Amino acid sequence: MSCIIPGCTNLAPNNFGVRLRRPDTTAIWAPNTEAYICDAHAKQGLIVTVTLEPTNTGEIETNVIGQVPPATANRVTPIK
Ligand SMILES: [Zn+2]
């Protein structure tokens, strides 16, 4: 499997999954996703942003988007 991070060519054996836990820690659901992450990206750290959208399908749909930090052009200008 290839790593979900754009431009990464490492083998990616690690499957990204999500889990919803009850208070006793058992899972209501815990699907795998179609996203795989290489060992290097798994160990160096990631930012995980989660968006939840309700449906009436009785299913859990997962969409994982890998991205690199976007190019930015920032300037801070003091008010005179
Ligand atoms: Zn990677």
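Okay, hi everyone. Keep in mind as we go that this is a predicted model.

Let's start with the core. As a general point, nonpolar side chains in soluble globular proteins tend to be buried together. Here, the largest nonpolar core is made of six residues: Cys3, Ile5, Cys8, Ala12, Tyr36 and Cys38.

So, is cysteine 3 buried or exposed? Its relative accessibility is 7%, and buried means under 20%, so cysteine 3 counts as buried. Cysteine 8 is buried too, with a relative accessible area of 16%.

What does cysteine 3 touch, once we skip residues up to four places away in sequence? The answer is Cys8, Asn10, Ala12, Tyr36, Ile37, Cys38 and His41.

A disulfide is a covalent bond between the sulfur atoms of two cysteines.

Histidine 41 sits in helix H1. Its relative accessible area is 15%, so histidine 41 is buried. If we leave aside neighbours within four places in sequence, histidine 41 is in contact with Cys3, Ile5, Cys8 and Leu46.

The largest pocket holds about 1,300 Å³. It is lined by 32 residues, and the closest to its centre are Thr49, Val50, Asn63, Val64 and Ile65. Which residue types make up that lining? We get 18 nonpolar, eleven polar and three charged. Strand E4, residues 32-37, and helix H1, residues 39-44, each give the lining at least two residues.

You'll find valine 50 in the segment after H1. With a relative accessible area of 62%, valine 50 is exposed. And from valine 50 to threonine 72 we go 22 residues in sequence and 22 Å in space, C-alpha to C-alpha.

Last stop: threonine 25. Where is threonine 25? It lies in the loop between strand E2, residues 20-21, and strand E3, residues 27-29. Most residues other than glycine have a negative phi. Threonine 25, though, has a positive phi, near 80°. Threonine 25 is partly exposed, at a relative accessible area of 49%.

How values were computed
Residues numbered from 1 in each chain as written. Predicted model: local features only at pLDDT ≥ 70, side-chain atom pairs only at ≥ 80, totals over all residues. Heavy atoms only, no water. Core = buried A, V, L, I, M, F, W, Y, C linked by side-chain atoms within 4.5 Å. Buried < 20%, exposed > 50% of the residue type's maximum accessible area, 1.4 Å probe, protein only. Contact = heavy atoms within 4.5 Å. 1 Å grid on protein atoms, 1.4 Å probe; cavity = no way out; pocket = protein on both sides within 12 Å on 5 of 7 lines; lining within 4 Å. Points joined across faces, edges and corners; volume = space filled by probe spheres on them. Helix = DSSP H or I, 4+ residues; strand = E, 2+ residues; numbered from the N terminus. Nonpolar A, V, L, I, M, F, W, Y, C, P; charged D, E, K, R; others polar.
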